[in-house]
Amino acid sequence: MKIDLKALLNILLKIGLGLLIFFVVTFTIYMGNFENKLIYYVIRPFLNKHYDAQVRDRRIV
Amino acid sequence: MGIITAFIDDRLKKYDPIWMAEHGTGGQRTRYYDVTGVAKYREWRGVKDTLFDYLSWLSNVLAMGKMVASAPVSIMKGFWEYRWMGSFLGTFMFIDRLFEGYRDEELRVAHAQMHAIVNNLTGRIGYILSHDRRLGASKEKSEKLVPIDEVLPELFMTGFPDLFPVPLQTLPEFIICDVDQHIEPYYIDIAESFGLPADVCSRCAAETGVALDDAFPLVGKALITTNMPCNASEATSMFQRRRVGLPDYQATLAMIHNDDELALPFSREIMKETIAFVEEHYDTKFNWDAFFKAAKRINEQNNFELEKWDYMKTGYTAEVGIAETLYKLYEWQSVNGADPYFNKVDRKVMKRLRKCYEKKYQPFGGRTRHRAFLWGPSAVYYTDFPTWAQNCWGIAIVLNMDSTMGFNMVDTEDPERAIDDLTRLTQKATMRHMAVGGWDNVNAVWEWAHNFNCDMVLMNDNIACKGMLGVHSIMEEQARELGFHFIFIEHDLEDSRTVSRQNMRDCVNQYMSIVLNEEPLDPTIVNFDDSDAY
């Protein structure tokens with residue numbers, strides 16, 4: 001079986017590039033603490049507003 | 001490669017908070033926005049350690065992604081239904097806080113163990129929510145789950161491999177109070193609005209509040225409660241069983257339990273009745289083979305623990321501070337032999353610890369000044385207290401009370417001997433073994449401190465714990481006689497409004513600066529406002 005080196009190199013290059021982009025994006029999120037900023041300043045206030053508006057079945061028994 | 005990382009480390013060291021504190025240019029607090037506890041950027045720990053921390057973060061993100069993928073609809077409904085679910089979003093900030101200042105070996109051990117917790121907990125949340133009747137699960141599906149009290153170790157439930165035990169208070173209270181200091185005051189206020197006195201233990205008040213707010217997942221067909229170790233707790237059990245409304249059995253194990261002759265015959269019968277209760281209500285039989293398998297796992301974990309203690313006594317160990325105590329608490333109280341992944345992590349960690357001991361590895365770059373035994377519950381987790389004590393004053397928390405729970409071996413061949421060992425282990429659970437299990441257990445603090453070569457004892461003082469308030473002055477007198485540096489740290493357990501994080505830190509600050517006349521390692525974290533932080 002003849003291996004097409006050019007095609008293989010092309011695939012490896014694409015995988016490498018994909019991994020590099022994945023690393024750059026996730027490392028930027030990690031280092032900039034962006035996910036926590038999003039949670040603290042956007043998601044939690046939104047959820048808290050919803051929780052505060054809930055009508056709950058509060059009783060002892 | 002080494003040359004490149006050394007070059008980058010040299011160029012970026014000015015951003016390393018430890019270097020900054022040593023050179024007077026800042027410290028751990030420099031990278032935070034005030035009050036919120038939100039970091040502007042993550043800690044720079046040098047190339048290798050930062051990349052390791054990044055990969056650990058990534059694997060935790062993936063574990064959470066896996067949880068959502070396992071039951072997307074139930075998870076989303078859970079976030080929408082339960083306020084406490086929203087608090088789990090603070091987990092990443094929690095982990096970052098816990099491991100501030102961790103480098104090299106201690107960072108690797110800490111993350112290996114933390115990932116085990118995240119892995120287990122996310123799996124558990126996904127499973128429970130997907131079986132929650134409130135969120136749409138069928139009755140039949142939900143009845144495979146057995147709600148049990150959180151302070152009842154679940155080893156006995158491994159004898160029912162077809163059932164899934166749910167420590168009922170663990171998700172809405174026991175664990176989440178460590179992650180988010182603002183969640184339990186909400187439930188405490190609900191309990192107090194129904195007339196529960198404000199001076200009871202805030203853990204009990206919070207659990208009661210969860211029950212009254214109808215915020216427990218609806219699972220199972222029979223409930224196992226226990227005689228928790230104080231009046232407030234027993235009241236909590238009563239409120240919960242009324243609200244949960246399932247047939248229940250109260251596993252009332254002996255409170256004073258150190259004496260086998262006195263306690264074991266009684267507690268053994270309770271243990272047998274507990275098992276019989278599950279058999280009757282879930283129409284199943286206890287499977288000894290399955291139980292023995294889990295008992296082998298917990299025996300292995302306890303053997304590792306005893307070996308770890310030998311290293312921890314020397315100081316040449318990477319098993320330190322909050323990483324050690326949180327892992328032990330979760331592994332013992334919440335997993336208790338049920339998850340083989342913890343044994344896998346333990347084996348990996350033990351290899352590392354043995355090497356650390358051989359090469360006389362000193363954690364935190366050898367910056368430790370004091371070795372302390374800590375007597376501390378939840379309030380030490382949401383405040384990341386051991387981490388702060390090390391980074392600020394060089395106080396290494398060698399061992400916490402949560403690590404001293406049942407370490408007896410369980411027989412893995414004979415059911416009669418096994419039930420005795422199981423009973424002994426179950427009696428040595430959270431709180432029962434500590435504050436209300438008899439004077440001997442409280443007094444043992446000095447023996448623990450002495451055996452672990454500590455010069456200091458930090459004793460958390462829950463201002464609402466009536467039992468422990470009674471021994472306040474006795475402990476102080478004993479500390480003086482025995483020559484330990486002794487600091488009482490007042491706190492209101494899960495209510496950070498009464499005693500703030502800074503109030504707690506000030507207890508140590510004052511002793512270290514006024515009594516010992518020492519200078520902090522990192523002046524930026526002596527006094528700061530993190531009242532709005534999770």
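Me: Does K359(B) count as buried or exposed?
Reply: This is a predicted model, in which local features need pLDDT of at least 70, side-chain atom pairs count only at pLDDT 80 or more, and totals for chains, interfaces and linings use all residues. Residues are numbered from 1 along each chain as its sequence is written, and chains are lettered from A and ligands numbered from 1 in the order in which they are written. A residue is buried if 20 or more other C-beta atoms lie within 10 Å of its own, exposed if 12 or fewer, and partly exposed in between, with C-beta atoms placed from the backbone. Because K359(B) has 10 C-beta neighbours inside 10 Å, this residue counts as exposed.

Me: How many residues of α7(B) are buried?
Reply: Helix α7 of chain B covers residues 104–130; helices are DSSP runs (H or I, at least four residues), and strands likewise (E, at least two), numbered from the N terminus. The helix is mostly covered, and of its 27 residues the number buried is 20.

Me: How are α15(B) and α17(B) oriented to each other?
Reply: Their axes, lines fitted to C-alpha atoms over the stretch in contact, lie 10 Å apart at an angle of about 25°. Angles, which run from 0 to 180 degrees between N-to-C directions, count as roughly parallel under 35 degrees, roughly antiparallel over 145, roughly perpendicular from 65 to 115 and oblique otherwise. The two helices are therefore roughly parallel.

Notes:
Expected span 1.5 Å × (residues − 1).
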